[in-house]
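The following report describes a two-chain model. It begins with surface area and then turns to fold, interface and selected residues.

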Amino acid sequence: MLTDNERKRYDRQIMMKDIGEKGQEKLKNAHVFIAGAGGLGSPIAIYLSAAGVGHIRIVDHDTVELSNLNRQILHWDENIDRNKVDSAREKLSELNPSIRVEGICETIGEDNVSQLVDGYDLIVDAMDNLPTRYILNKEAIERNMPFFHGAVSGLEGRAMTVLPGKSACLRCGYKGPVPREKFPVIGVAPAIIGAIQATEVIKYIVGMGDLLTNRLLRYDGMSMRFTEFKVARNPQCDHCANL
Amino acid sequence: MSVKINLHKTHRQYTNGQETVEVNGNNVGECLKELVKQYPDLKNELFDKKGKLLSVLEVYLNGASAYPDELAREVKDGDEIHLLVMLAGG
């Protein structure tokens, strides 16, 4: 049940016929795991908090650095040297005190991923490297949890939604290890991709619209074009072939 | 077969800024070979020392992933190839 305060807070989205009070209750009861509190994690967490997702766990091992502030809009100058998850939790709780936000300052790895995502409905990818993305993708597949992928570089980005066993996963096109590199980026790119990921999460929770499954959406800010590419499940995929 | 290749922006520095290049070939591999013939500096950006496509590269043929065996995929007149680079940032 929604409270009177919640009915007022979410009035404009409850007005949407596809959401309504039932959809808002689904958002309130949802448990969302956000992997990363940086450039992508910031807009994802802000929009999901504002929309009333009731339970958010955000995980990141980093502290806020000056060079983060061009894009990681959850963190401000006064937060430099603080744990990103503490900085994030504070802002999100002030934005929406009616939701529960938990921050965990840990490095996501094969050894702890299962424990970290336990009890959550879905995983949102806001990582800054591919190896950890594959760890999260695998965990999502094994738990039959949706996985909402996003990545950026420069003024470019991409997003794809994975429904295990039903659509291509992040690993389906794997060709081998990719080196970790420091990447160039300006804040508007993760803002756009993060907002797309948050849109997908909201649609999934409410049960409305068409998800970005078997489709890779690519954004090129330089030419201001969105391009969609079809992707398919790989019968030999080492993560999802057995589903 | 005449095929248009759409280059990723990181590759355009090797094609004098050209976003697309017209090539001829019967499959994706032949098309990429001709691309490298026209712009030899692209070779190391697309292939490793053994001639295998780099892991960071994704090939899409007419808007659909060409994975796996991308290089063997047959092409026909008017087809379009997109070369994308995997993104890792967040």
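The model is predicted: local features need pLDDT of at least 70 and side-chain atom pairs count only at pLDDT 80 or more, while totals for chains, interfaces and linings use all residues. Residues are numbered from 1 along each chain as its sequence is written, chains are lettered from A and ligands numbered from 1 in the order in which they are written, and side-chain values use heavy atoms, with hydrogens and water left out.

**Chain B as a whole**

Chain B contains 2 helices and 5 strands, arranged along the sequence as β-β-α-α-β-β-β. Helices (H or I, at least four residues) and strands (E, at least two) are DSSP runs, numbered from the N terminus. The C-alpha trace of chain B spans about 35 × 30 × 25 Å along its principal axes. Its radius of gyration is 12 Å, which agrees with the value near 12 Å for a compact globule of 90 residues; the radius is taken over C-alpha atoms, and the globule rule is 2.2 Å times the number of residues to the power 0.38.

Of the 90 residues in chain B, 47% are buried. Here buried means under 20% relative accessible area, exposed over 50%, and partly exposed in between (1.4 Å probe, protein chains only). Among contacts (heavy atoms within 4.5 Å) between residues of chain B at least 6 apart in sequence, 49% join residues at least 24 apart.

**The interface**

In the interface, 32 residues of chain A are in contact with 22 residues of chain B. The two chains bury about 2200 Å² between them, with 56% of this on carbon and sulfur atoms. On the chain A side, A:Arg158, A:Lys175 and A:Phe229 lose the most area to chain B, together 33% of what that side buries. Buried area is the accessible area (1.4 Å probe) that two parts lose on being put together, summed over both.

A:Lys175 is also one of the contacts of B:Lys52; apart from neighbours within four places in sequence, the others are B:Leu46 and B:Phe47. B:Lys52 is placed in the loop between α2 (43-46) and β3 (57-61) of chain B and is partly exposed, at 48% relative accessible area.

**Backbone features and a buried lysine**

Two residues of chain A have a positive phi although neither is a glycine, as listed below.

| Residue | Phi | Relative accessible area |
|---|---|---|
| A:Asn214 | about 55° | 26% |
| A:Met224 | about 50° | 55% |

A:Asn214 lies in the loop between α8 (188-206) and β7 (215-220) and is partly exposed. A:Met224 is found in the loop between β7 and β8 (225-230) and is exposed.

Helix α8 of chain A holds A:Lys203, which counts as buried at 15% relative accessibility. Beyond its neighbours within four places in sequence, A:Lys203 is in contact with A:Met208, A:Gly209, A:Asp210 and A:Leu211.

In chain B, the peptide bond from B:Tyr67 to B:Pro68 is cis, with omega near -10°. B:Pro68 belongs to the loop between β4 (64-65) and β5 (80-85).
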